[in-house]
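Hello,

The structure we discussed is below. My notes follow it.

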Amino acid sequence: MNNPQNALAISLFSELIMADQLLRNRLTRVLPNKMEISHFSVLNHLARVNEERTPAQLARSFHVTRGAMTNTIAKLEMAGYVHIRPDWDDARRKMVSISPAGKSAREAALAAMAPVISEMVEELGAEKVRAALPVLRELRLKLEAD
């Protein structure tokens, strides 16, 4: 642990993990209708791609197990935020799409989260945030490649 490179790496990841936890807690408190970050993330993804996805595709996109994604999708379906239908080409698979209620819930979540995120960016300063983005993006891409 005397290696300065190891100490730097541990400091970086400690900060990232703690910032992630604190941000998730803060955002979860403002999300509407008992929505969780994982629910919002799936709704946001489906709204952005604007296409149906299988649970397996969603699990791969979010780097989670199929079981975890199935659980999230089931909760979203119970809330009326997604539609699930059989895949007409392969009856063993299901297809998931965002419903109109899911689009509205996503918009409400974005509206609730925006002030929290904007306040943080304002407090940190736009220049610092802009400077951090390339490093964070490169780190994410490196982690996704592994």
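Which side chain meets that of E52 in a salt bridge? The partner is R85, at 2.7 Å from N to O; a salt bridge here is a side-chain nitrogen of Lys or Arg within 4 Å of a carboxyl oxygen of Asp or Glu. E52 sits in the loop between helix 2 and helix 3 and R85 in strand 1 (residues 82–86), so the pair ties together parts that are 33 residues apart in sequence. The structure holds eight salt bridges.

On provenance: this is a predicted model, in which local features need pLDDT of at least 70, side-chain atom pairs count only at pLDDT 80 or more, and totals for chains, interfaces and linings use all residues. Residues are numbered from 1 along each chain as its sequence is written, and side-chain values use heavy atoms, leaving out hydrogens and water.

The chain has six helices and two strands, in the order α-α-α-α-β-β-α-α. Helices (H or I, at least four residues) and strands (E, at least two) are DSSP runs, numbered from the N terminus.

Helix 2 (residues 37–49) packs on helix 3 (residues 55–62) at about 110°, with the axes 12 Å apart. Axes are lines fitted to C-alpha atoms over the stretch in contact, and angles run from 0 to 180 degrees between N-to-C directions. That makes the two helices roughly perpendicular (65 to 115 degrees). S41, V42, H45 and L46 of helix 2 make the contact with L58, S61 and F62 of helix 3 (heavy atoms within 4.5 Å).

Regards

Technical notes. Angles under 35 degrees count as roughly parallel, over 145 as roughly antiparallel, 65 to 115 as roughly perpendicular and the rest as oblique.
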